[in-house]
Each structure stands twice: as C-alpha cells, then as structure tokens.
Amino acid sequence: PEQQEAYIRKWMKEEAGLPEEADPETGLRIVFYPGRYHSGLKSIFAMGDIYSLIQGDDTDVCVLEEPEHLNWYRAPGDGWTRRFNFVVGVVHTNYREYAASHYSGLWTAPAIAVVSSAMVRAYCHKVIKLSDVLQTFAPEKEVVSNVHGVRIDFLEEGQRRALALQEQLKSPEKAVAHVTNTGIKNIRNGNMEEEKTSVYFLGKLLWAKGLDRMLELQTFYRQCTGNYFPIDIYGNGPEEREIKRAYHGRKKMENGESNGRSNKKEDFISQNNNRSSTIDINAMTMQALNNLRDTIKATTESLEFDPPKTLYEWRRRPIPATFPGRIDHAVLKDQYKVFVNPSVSEVLCTATAEALAMGKFAIVPIHPSNEFFMKFPNCLGYRNKWEFAANLRWAMAHEPEPLTPELTRAFTWDAATERLVQAAAVTEFEARERERLGRSKLDDRIAWFHNELGKGSKGDAIRKVLGGGPASEQFKYAKSKSSDPAENVVDEDLGLTEKFRRSWFAEAIKSTLSSTSPFSFHEKTNNAKPT
C-alpha cells in the first residue's frame, strides 16, 4: 500500500496538476482496506468493516462508488446511513447485463437485480446512475447524471486540433483538400485515398464490449462498398485469441504463427553464416537442436484439439484489423480521427468521452448508455447498419468540428463535480414524499435484516451459499484478527440479537444449512492474512 500511495501522489502532483492535494500532510488522505480477489466474479471485495479504518469525526458526507458491490458481502456492522449524515451512491456498472450474458443468466440476472436494489436502498440516501441503461434501484431516490470527467490531456488535444483546423481552413486551397495526420490524403469527387488507418477501437477485448457487433458492421460495410474498413483495435483481455481468430480467420492465424517459427530458424542460420564461412561443430549441433525443437513443437500443436469458438474463424477473407495491445488512450491523442464503439453493454463509456474531448469523431449506437454524448456535434449516432455505414463514410470524408468552450467544459472534472452536487441534492418535496410513503423506515428494516443475516458463522455460510467465495468468511476473518486468543473460540450465534436468533427465519436457515455437507459451522481458527 505504501508504494501504491506514493505512486498515486506522484501522479497527482506531476500528471494531474494537483500539488496541494498530493501533499501527504495537508492534502488528500488515502486509506487502504484489506480485500480478497474473487476469481469467479473477477472482483475485489473488502474484508472486515471498512468504516473502522476511518479515523476522526469526518462522518458528514460519504460518496460510495458502486454501493451494491461494496455491500453484497460486507462484514456485519452499522450501516453507512447510520454512520454518515448523508450517503450518495454512484452506480456505474451494469452487473445484471454481465450476468445475463452468462449461461446461468436466466436465474442469476434477476437475483442480482433484486439484491443490488436492496443494497442501494438500504445504504444510500441518494442514488446517481451514470446512464438510464441501469436498472431501477429506488425510484424516489435515484437520478440519472454523468458525474465523470476526463483528464486535461484529452482536452488540450481537442484545443490543439481545433486551432490546427482553423489554420488550415484559412488557406482556400486547403479548404478543399488537405493533408492531415488522421489518414486522409486527398478528397476528390467523393473518392478517398487513405494514407494510413484512421479508425480505431479501444477497450477490453471481450465479446461483451461489442466486438461481435463490429464484425457484423464490417460485413455490411463490405456489402455496401466492396471492402472492409481498416481498423486498429487496442486492448487485451481473456478472449483476445478467439477475437483475433474471428477477425483474421483461423487459417491466417495458424499460418502467421507457423511463419513466425520459420523466420526464427532463418534468422538463426543467417546469423551464423554472417559470422564466418566455416561453421564449427558447435554451431551445427545448436542448429540441429533448434530444428528438432521447432519440429516437436509444431507437431504437438497440430495434435491439440482446438475447436473454433465462433463461425467467424472460418472466414476466407481476413478483416484488415490490427491488435497492437493495451495502451493509454492519451498516447493516441494525435493519431486517428474516427473512434468506433458499437457496444451496448456499457453504462457510460469513458473511452468515448475521451475521444470526443480530443476532437475526434465517435460513431456509437443510439442507446441510453450514449445519451450524454448525443449533444456533441462529433458524436455520430446510428440506429442500424445503414446509418453506421453512412456515418463512417461521412466521417472519413470530413473533419471533426472544433468544440465550443461550453462543450469542452462539459468534459472537465469541474463540470462533473457541479453535476454531482446538483444530482445529489434532496429537495424538501422529495423528503416529504419519502416520509409520506414510509420508504425510509423500509430501507432501515432492509439494512437491519441484512446486518443480522450476516452475523456469526451462520453469516459466513450464507455468504458462501450466495457465491461470496473468498469474501464469505467475514466473521472468521474478524476473529482471526483478534489479539486475544480466547476470543478466537467461534460461537456460531455470536453477534445475533436474541429476537433474530429465535425467529422462524433464523431457525429455517439453521436447519437448512446444517444439512449442507460442503460447509462446516464449527470452524477452526483462521490466521491467514488477507490477499
């Protein structure tokens, strides 16, 4: 944690331009909490009570990023709304959509929606959703607002492009045809000669990010124009290999790997030939061993059963797409002019905001997740494949419009903070309406029930049954951190109120879980440290 904090403060001071906030004595206070990684959910969950790490009496306002995530498997303790005067939850991940894309989504997606709604209701006074693509959590509490901004690097690039375009358009001959660093070499009668690729995508390499839709758009674009459009796809991810195969075709990928091996052998021979015309016995032996190794490797790889993941792998004509790998978006600020993002699983795509802030075209589907971007002139929305192809052709033949100062400011963190304050406000009418409906009391009951349900070793078992994995053992973890060995004796009912312990619900849980063989409630002391 110390190294990570030092890195954050250095970045704040040198890159973000926040020297006062970066000061460890008088600036931002950074507190780390122990957590464990859940490989199944690909998420980190807190271990122990996070609030116990907060020092002092600074308990006025709390902003929870992803409140549903923070509270799914939280340790027992007082709720956030009891410890802070005002709690604002910012929701920006569509967990229900991710669950629905899995084979078990038929039953897990509705369950996640219900549980997430309960967590948000119980622990937030106001809920801010980045876009309306998210589910309804608490109608009387929630509001839709983009409270995110972009780094100054992207805004400066947008200003640079605007000034460069103004200088170019001052010359009459450049107003018709001009050379730019975005790839357009000349425009005459609608014919375009491309100097280099001017279209790109940036994001995690997952099918859920819209890369399957990108293939469909490529196919339709070729039907209209006779050619695929070249694109550079930046990023990495667990589905990178099958995505590359889908774009390039299985045959080309295999040939490319094979060619890579033969080139290594040719380089080896060439290097030895250049050293001397006489090859000694050691060089010949090394060459023979390398040839034998490559032969064995090629033979074993050919014997592996590797079925295609998609039908796109059998394509005969590869799509002209490159995969340069993961990169900071700011590095590409002076390259490209068209950003394409066909994803509809996002809540609000940061890469799209960054591309528009840099003064580039962004071609995105008309979807609730992109509603914030539609007011920008360089955002080209489409409803179908025809509109996508038309937008792409138009963007390739034109230059993006310079952003006005008002539109530029909409991307800043200053404007985002103003939107946050405005969205977080609770009016007197809203407060009276909540009181009339009795929602506040209902939310308190949900928080109490969730807290009681998570106490003791029974709570660990319930979290385990509900998929908590390594984050399930909150009670066991708390006991292992106790300094008094006598306190490490586990009482399965410890922490439960008498009323809850004797309730029919608690008895039903006890009788049900006691017959579940994988879990034992008389657990041994766990001295393992959090990962």
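I began with Lys-209, which counts as buried because its relative accessibility is 15%, under the 20% cut-off. The model I am reading is a predicted one. I placed Lys-209 in the loop between strand 9 (199-202) and helix 9. Setting aside neighbours within four places in sequence, I listed what Lys-209 is in contact with: Tyr-98, Phe-201, Lys-204, Asn-341, Ser-343, Ser-345 and Glu-346.

**Whole chain**

I then noted the totals. The protein chain has 22 helices and 14 strands. It has 531 residues, and 44% of them count as buried. I took the contacts between residues at least 6 apart in sequence, and 67% of these join residues at least 24 apart. The accessible surface comes to about 29900 Å², with 54% of it belonging to carbon and sulfur atoms.

**Helix 9 and its partners**

I looked up helix 9 next, starting with helix 14. At what angle do helix 9 and helix 14 pack? Helix 9 (residues 211-225) and helix 14 (residues 385-397) pack at about 70°, and their axes are 10 Å apart. That makes helix 9 roughly perpendicular to helix 14, since angles of 65 to 115 degrees count as such. On the helix 9 side I wrote down Glu-216, Leu-217, Phe-220, Tyr-221, Cys-224 and Thr-225. On the helix 14 side the residues are Lys-385, Trp-386, Phe-388, Ala-389, Leu-392 and Arg-393. By class, I have 8 nonpolar, 1 polar and 3 charged residues in the contact of helix 9 with helix 14.

From helix 9, Leu-211, Met-214 and Leu-215 make the contact; from helix 10, Ile-243, Ala-246 and Tyr-247 do. How many nonpolar, polar and charged residues does the contact of helix 9 with helix 10 have? I noted 6 nonpolar, no polar and no charged residues for it.

**Aromatic pairs**

The count of aromatic pairs comes to 17. I looked at Tyr-234 and Tyr-336, an edge-to-face pair with 6.1 Å centre to centre and 80° between the planes. Which parts does this pair tie together? Tyr-234 lies in strand 10 (residues 231-234) and Tyr-336 in the loop between strand 11 (321-325) and strand 12 (338-340), so the pair ties together parts 102 residues apart in sequence. Both Tyr-234 and Tyr-336 are buried.

Phe-372 and Phe-373 also form an edge-to-face pair, at 5.7 Å centre to centre and 75° between the planes. I found Phe-372 buried, and Phe-373 likewise. I also recorded one aromatic cluster formed by Phe-45, Trp-72, Tyr-73 and Tyr-95.

**Positive phi**

I went back to Tyr-336 for its backbone. It has a positive phi of about 65° although it is not a glycine. Its relative accessibility is 5%, so Tyr-336 counts as buried.

Glu-66 is another entry under this heading: its phi is near 55°, a positive value in a residue other than glycine. I located Glu-66 in the loop between strand 3 (61-65) and helix 3 (67-71). Is Glu-66 buried or exposed? At 12% relative accessibility, I have to count Glu-66 as buried.

I checked burial along helix 17 (residues 428-437). Of its 10 residues the number buried is 1, so helix 17 lies largely in the open.

Last, I looked up Glu-140, in the loop between strand 5 (126-129) and strand 6 (142-144). Glu-140 counts as buried, because its relative accessibility is 16%. How many residues apart in sequence are Glu-140 and Leu-437? They are 297 residues apart in sequence, while C-alpha to C-alpha they are 9.6 Å apart in space. With neighbours within four places in sequence left aside, I have Glu-140 in contact with Arg-121, Arg-434 and Arg-439.

Methods. Residues are numbered from 1 along each chain as its sequence is written. This is a predicted model: local features need pLDDT of at least 70, side-chain atom pairs count only at pLDDT 80 or more; totals for chains, interfaces and linings use all residues. Side-chain values use heavy atoms; hydrogens and water are left out. Axes are lines fitted to C-alpha atoms, for helices over the stretch in contact, and angles run from 0 to 180 degrees between N-to-C directions. Helices (H or I, at least four residues) and strands (E, at least two) are DSSP runs, numbered from the N terminus. Angles under 35 degrees count as roughly parallel, over 145 as roughly antiparallel, 65 to 115 as roughly perpendicular and the rest as oblique. Contact means heavy atoms within 4.5 Å. Ala, Val, Leu, Ile, Met, Phe, Trp, Tyr, Cys and Pro count as nonpolar, Asp, Glu, Lys and Arg as charged, and the others, Gly among them, as polar. Buried means under 20% relative accessible area, exposed over 50%, partly exposed in between (1.4 Å probe, protein chains only). Accessible areas come from the Shrake-Rupley method with a 1.4 Å probe; for residues, only the protein chains shown count as cover. Rings of Phe, Tyr and Trp (its six-membered ring) pair if their centres lie within 6.5 Å; planes under 30 degrees apart count as stacked, over 60 as edge-to-face and the rest as tilted.
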